[in-house]
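Please read the following report alongside the sequence and the coordinates. It goes from the overall model to the nonpolar cores and then to the charged pairs.

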Amino acid sequence: MKKIIASLVAAAAVALPALSDPLKDNQFNTMHSLGCMLLRECTDEVYKVKSITSVSSEYPDIDYSIVADEFDSMLLALEQVGVGVFLADSKYFPFGQRGVYHTVGNNFFLNKEYMGSTAYLMQVMRHEGWHAAQDCMAGTIDNSLIAIIKPEDEVPMIWRVLAERTYPENAVPWEAEAQWAGRTENMTMNALAACAGGAMWEVYDPTPLTRKYLVDFGYIKE
């Protein structure tokens with residue numbers, strides 16, 4: 001199972017203590033710089049998101065109030081299950097990548113270059129948040145596995161086709177439903193709430209393969 005799910009995917013932001021990034025100029029906007037950020041070895045201009053205000057304070061001309069409730073609800077659920085959300089300088093991301101979730105570190109990162117749009121912000125927040133919910137579906141946030149949440153035949157064809165055109169074949173089942181969630185209001189919020197409430201497998205019936213895994217490893221009973 002992939003350990004990095006990416007696109008290949010307070011009153012203000014609080015700065016984390018950081019020294020200069022251990023990267024040379026020609027190493028930014030590469031997979032190397034992305035990995036450095038994911039491993040929390042590069043923290044310059046990477047800020048913990050505490051609420052929608054952490055984002056909106058960076059873009060004073062944009063009205064984020066229309067997405068505040070859903071955003072903050074997702075953020076609260078993510079915090080409850082131990083997932084951190086960060087707003088990061090675009091220098092760490094390969095060109096065109098808007099966000100990434102790291103199943104090992106249990107953090108996800110939003111590319112600041114794109115978050116000045118409420119549409120992009122919510123698409124990325126929902127998409128990467130869905131990957132966190134997939135992490136939860138696979139037993140626990142604390143492992144490095146993910147599992148699909150919806151039966152594959154329930155995913156609208158438009159999102160599966162988009163995933164097939166965008167991602168490697170072996171990532172399509174996970175990315176197709178994340179594409180769907182990324183463009184569906186409250187879909188990710190509800191999944192994260194189920195995860196945070198300890199009811200993931202009650203709200204979402206595991207697929208047969210996932211159920212077998214969960215039973216084999218003692219997460220649920222047959």
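The sections below describe this model in turn.

## Model and confidence

The structure is a predicted model, and its average pLDDT is 90, with 91% of the residues scoring at least 70.

## Overall form

Nine helices and six strands make up the secondary structure of the protein. The C-alpha trace spans about 50 × 35 × 35 Å along its principal axes, and the radius of gyration is 17 Å, which agrees with the value near 17 Å that a compact globule of 222 residues would have.

Of the 222 residues, 50% are buried. The protein exposes about 10,700 Å², and 53% of that area is supplied by carbon and sulfur atoms.

In soluble globular proteins, nonpolar side chains tend to be buried together. Here the largest nonpolar core has 52 residues, of which Phe71, Met115, Leu121 and Met200 touch the most other members. The elements that each supply at least two residues of this core are the helices α2 (52-56), α3 (68-81), α4 (118-137), α5 (157-166), α6 (172-182) and α7 (187-196), together with the strands β4 (84-88) and β6 (107-111). Among these contributors, α4 gives the most, with nine residues.

Met200 can be followed in more detail: leaving aside residues up to four places away in sequence, Met200 touches Ala133, Cys136, Met137, Ile149, Ala191, Ala194 and Cys195.

Side chains of opposite charge can pair when their charged atoms come close. The structure holds eight salt bridges, and one of them joins Glu45 to Lys91, with the closest N and O atoms 3.3 Å apart. This pair links distant parts of the chain, because Glu45 lies in the loop between α1 (31-38) and β3 (46-48) while Lys91 lies in the loop between β4 and β5 (99-102), 46 residues apart. Glu45 is partly exposed at a relative accessible area of 33%, whereas Lys91 has 16% relative accessibility and therefore counts as buried, the cut-off for that class being under 20%. Asp44 also belongs to this arrangement, as Asp44, Glu45 and Lys91 are linked in a network of salt bridges.

A salt bridge between Glu58 and Lys112 has its closest N and O atoms 2.9 Å apart. This pair, too, links distant parts of the chain, with Glu58 in the loop between α2 and α3 and Lys112 in the loop between β6 and α4, 54 residues apart. Both partners are partly exposed, Glu58 with a relative accessible area of 28% and Lys112 with 29% relative accessibility.

## A salt bridge within one helix

Which residue forms a salt bridge with Asp216? The partner is Lys212, and the closest N and O atoms of the pair are 2.8 Å apart. Asp216 and Lys212 are four residues apart in helix α9 (residues 208-216), so about one helical turn separates them. Lys212 is exposed, with a relative accessible area of 52%.

How values were computed. Residues are numbered from 1 along each chain as its sequence is written. This is a predicted model: local features need pLDDT of at least 70, side-chain atom pairs count only at pLDDT 80 or more; totals for chains, interfaces and linings use all residues. Side-chain values use heavy atoms; hydrogens and water are left out. pLDDT is the predictor's confidence in each residue, from 0 to 100. A nonpolar core is a set of buried Ala, Val, Leu, Ile, Met, Phe, Trp, Tyr and Cys residues joined through side-chain atoms within 4.5 Å. Buried means under 20% relative accessible area, exposed over 50%, partly exposed in between (1.4 Å probe, protein chains only). Contact means heavy atoms within 4.5 Å. A salt bridge is a side-chain nitrogen of Lys or Arg within 4 Å of a carboxyl oxygen of Asp or Glu. The radius of gyration is taken over C-alpha atoms; the globule rule is 2.2 Å times the number of residues to the power 0.38. Accessible areas come from the Shrake-Rupley method with a 1.4 Å probe; for residues, only the protein chains shown count as cover.
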